[in-house]
Amino acid sequence: VYAGLKSADGKWLAMPLMPGGEADWVDRSIGNSEMPKGRNAVLGAPFVSHLVKADPNYDLMRFDPATGVAEIEESFAGKEVIQKNPDLSRFFNRGGKLILWHGFNDPGPSALSTIEYLENVANATGAGATPEAKLADTRKNARLFLAPGVLHCRGGAGPDKFDMLTALENWVEKGIAPDHVIATKADSKLSRPLCPYPQAAKYKGAGDTNDAANFACANPE
């Protein structure tokens with residue numbers, strides 16, 4: 001799980017999961033009395049059986065990544081449901097703004113896949129001679145906020161309560177691009193600024209480490 005899974009030709013079939021989400025592995029990937037094959041199988045099986053195989057009785061445990069991933073890409077689901085096109089230039093050119101966020105410790109889909117998508121958008125739409133320049137240019141229209149310590153949509157050790165909708169409204173309607181979004185945690189004093197990738201929250205060196213005011217967004221050294 002930490003290493004991820006690649007095909008014989010080196011393509012990612014499942015990107016690595018980050019350390020920190022292990023507490024949710026049992027329900028997701030190992031299974032329990034209510035879901036013996038795990039929640040991922042409960043979520044993944046209907047998708048594969050109905051939208052890929054067109055066979056409601058298909059047994060997910062027969063799935064072979066060596067051939068199955070290519071079959072997904074060529075299926076109805078791969079062509080009409082799974083959208084991977086990174087060229088969002090038409091959307092951006094008419095004023096569209098995109099905010100992505102992902103719990104960095106997500107035990108389901110890897111946060112690395114969302115990072116990869118943003119970088120692909122930057123390569124397809126950003127101006128500049130280097131990947132870093134393209135990514136910086138793309139921040140005019142699209143930003144990704146990673147939530148450290150947060151699992152799938154919520155939960156985990158990190159602060160998981162934040163308002164991306166207002167951030168998007170302010171960006172589209174008032175022209176105020178979100179340079180950070182404050183995240184808090186229920187029944188806790190913990191708060192942090194979520195920063196636009198590749199920036200991360202860095203402690204200023206003084207003050208309560210539970211207070212977002214004592215952190216600033218900065219590029220990684």
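Biologist: What makes Arg28 count as buried?

Modeller: Buried means under 20% relative accessible area, exposed over 50%, and partly exposed in between, with a 1.4 Å probe and protein chains only. Arg28 has 6% relative accessibility, so Arg28 counts as buried. This is a predicted model, in which local features need pLDDT of at least 70 and side-chain atom pairs count only at pLDDT 80 or more, while totals for chains, interfaces and linings use all residues. Residues are numbered from 1 along each chain as its sequence is written, and side-chain values use heavy atoms, with hydrogens and water left out.

Biologist: Why is the pair of Arg28 and Asp24 called a salt bridge?

Modeller: The term requires a side-chain nitrogen of Lys or Arg within 4 Å of a carboxyl oxygen of Asp or Glu. The N to O distance between the side chains of Arg28 and Asp24 is 3.9 Å, so the pair qualifies. Asp24 is also buried, because its relative accessible area is 17%. By this rule the count comes to 4 salt bridges.

Biologist: Why does the pair of Lys37 and Asp59 tie together parts that are apart in sequence?

Modeller: Their side chains meet in a salt bridge at 3.7 Å, N to O. Lys37 lies in the loop between α1 (25–30) and α2 (39–52), and Asp59 in the loop between α2 and α3 (65–74), so the pair joins parts 22 residues apart in sequence. Helices (H or I, at least four residues) and strands (E, at least two) are DSSP runs, numbered from the N terminus. Asp59 has 32% relative accessibility and therefore counts as partly exposed.

Biologist: What makes Lys53 and Glu71 a salt bridge, and where do they lie?

Modeller: The closest N and O atoms of Lys53 and Glu71 are 2.8 Å apart. The pair links distant parts of the chain, with Lys53 in the loop between α2 and α3 and Glu71 in helix α3, 18 residues apart. Lys53, at 28% relative accessibility, counts as partly exposed, and so does Glu71, at 31%.

Biologist: Which residues have the most contacts inside the largest nonpolar core, and why is it called a core?

Modeller: The name applies because a nonpolar core is a set of buried Ala, Val, Leu, Ile, Met, Phe, Trp, Tyr and Cys residues joined through side-chain atoms within 4.5 Å. The largest has 13 residues, and those with the most contacts inside it are Phe92, Ile115, Leu118, Leu135, Leu144, Leu146 and Tyr197. The largest share, 5 residues, comes from α6.
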